[in-house]
Amino acid sequence: MDEASAWEPRPVAPDAVDGVIRTRALTKRYRGGQLAVDGLDLTVPAGSVFGFLGPNGSGKTTTIRMLMGLIEPTSGTAHVLGHPVPRAARTVLPHIGALIEGPALYGFLTGRDNLLRYDAADPTADPRTRSTRVAAALERVGLTAAAGKKAKAYSLGMKQRLGLAAALLQPRRLLVLDEPTNGLDPQGMREIRSLVRELASDGTTVFVSSHLLDEIEQVCTHAAVMAHGRLVTQGPVADLAAGARGQLVVTTPDPGEAARVLKEQGVGDVVVTGDRVTGEPPERDLADVNAALVAAGVRVRGFGVERASLEDAFVALTGEGFDVAG
Amino acid sequence: MSRAETAAPAAGPACPSRTPHRLWTFGLLRSELATTFRRWRTLALLGVLAAVPVLVGVAVRIETRDGSSVAGGGEGPAFIAQITNNGLFLVFTALAATLPFFLPMAVGVVAGDAIAGEANAGTLRYLLVAPAGRTRLLLTKYATAVAFCLAATLVVALSALVVGALLFPLGDLTTISGTQIGFAEGLWRALLIALVVAASLVGIAALGLFVSTLTNSGIAAMATTVGLLISVQIVDQIPQLHAVQPYLFSHYWLSFADLMREPVYWDGLLKNLQLQALYAAVFGSAAWARFTAKDITV
């Protein structure tokens, strides 16, 4: 079978319309009665880098497990790559690379043997190309040098990389990465981000879950936010961040006087921190506000509006901090 | 019923299917066998089993150094008194000595760990999203456990054969019925007995696999399986419980000795094999029902 010809002409039709992932009223109540996911309507557009956000315990991993056919939804439906899951899980899963709740490895096997084992578990994986594909996946995550070491000797970051390599054993149409940068140092995080960008530019849809908002903001085109098992919002990242207003920031050696003038000019919630004065920008033209500061003799070093982050958007939507566990 | 196994509709236009070659499915079995037999724990179990015939052989050798026969006549495992005449009997003695506990314990450890151990390590979820398929994975696990039954039995038999050949004379042997058979025929019977002993273990392998689907702790599954083994052995010894004894998987285990009769006495042997098949069917189905409907939350 020719791997490339089998899926290179990327079909657009159903995914583009319905989304690579589409859930309707997806609900999971665990046997203990705990409602982990509550009526989730999620749509992940084809070709997007989709950030799936929420504090720890907000139902992200439960959702991912349902999408991967590992657990059965209590009610509702989920379609992945146009097929219903978990019913058609075996049809769609070969097209999906997944990293779920951290890597899991056979400690007594070498990194390479771990990948060989996971590849052998996929009935669609051609054993004739197995060692080549394993070597390529190791190369891609920078583990070639450590491939012969036993996995139990790996650091957390190396394990994470090996888990990623397992997700990249075959060309995939969808990558599901649950907290992919856990345990990685800043350098490793940068590498993951550039890997995600590279995969996305090849046309792979990437679904990344994280409780770290700023990490997501740098790579994602779309995002959804979960809290307490419910979907708070979803859409293109630019739209989400635009929902929360930016912040006016004035840097000045005369903060007291600046604060007084800003209040006069209609700036709300003025806060002074050292030489920084921040507040909610007024409706009027900011050029006039600046002119007023200068007219009042305030020496201005910096004046501008800081773009709202996803975290601001999240706080604006839920009225609570992002680190709260559900 | 099974979410992962129900036949998927033909791949729609959204999913250009990679059609697997039918034989590729055995790649998982090969990987499973390699993974199991490369475990340090598996090798340690086989090492212990290989040591039993050495212990028995050396003990018999030391005790009979002055030319006396093994004391106690009817005491000890079957055939022990005959070892000094013919080293081949060490094979039968070693199998009789390990079958009640060492062999099934080793099988219980391997079978009990099969699913629960993978769940415990988290590797189960990656095998399932690969996707290994739940039925396929379970069948592979059972096939591997059965392969271990055979490997463990052969390790005992071969170790006993080597030790027996080194410490004692070899030659024609006398059957339980008193007839003489040649050494080649004796070897053939020894192999047959090893196969029957291996088959005697497929029941507890199925039981261990079922227990393994109930928990996410490999240790708990192993301990439960070995605990069940001990309980069954005790119940089998209590005369007042004779009504249930024919249904205990260990009840006909020692019937393998009937292969050393002339002619072979098949009654107990067949009952044993039927009982093992029954256990494999019942607990295999239970394991399948449980595993294919289970939420994998680890």
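Two strands count as a pair here if DSSP finds at least two bridges between them. Please keep in mind that the model in these views is predicted.

**View 1. Strands S5(A) and S6(A) form an antiparallel pair in chain A.** Here, S5(A) meets strand S6 (residues 83-85) of chain A through 3 bridges. Look for Val80(A), which sits across from His83(A) of S6(A). The two strands make a hairpin with 2 residues between them, and in this hairpin Leu81(A) adopts a positive phi near 50 degrees.

**View 2. Strand S5(A) also pairs with strand S1(A).** S1 covers residues 21-29 of chain A and S5 covers residues 75-80 of chain A. They run antiparallel and are joined by 5 bridges.

**View 3. Chain A is assigned two stretches as domains, 3-242 and 247-306.** The former is domain 1 and the latter is domain 2. Taken over C-alpha atoms, the centres of these domains of chain A are 45 Å apart.

**View 4. Chain B carries transmembrane annotations from an unreviewed UniProt entry.** That record places the feature "transmembrane region" at residues 43-62, 88-111, 142-168 and 188-211 of chain B. In the model, residues 43-62 of chain B are 100% helix and 0% strand, with 29 Å between the end C-alpha atoms. Turning to residues 142-168 of chain B, you will find 96% helix and 0% strand. The end C-alpha atoms of this span lie 38 Å apart.

Definitions and conventions:
Residues are numbered from 1 along each chain as its sequence is written. Chains are lettered from A and ligands numbered from 1 in the order in which they are written. This is a predicted model: local features need pLDDT of at least 70, side-chain atom pairs count only at pLDDT 80 or more; totals for chains, interfaces and linings use all residues. UniProt positions are given in the numbering used here, feature names are shortened, and annotations may be inferred rather than shown by experiment. Helices (H or I, at least four residues) and strands (E, at least two) are DSSP runs, numbered from the N terminus. Domain bounds come from an automatic or database domain assignment.
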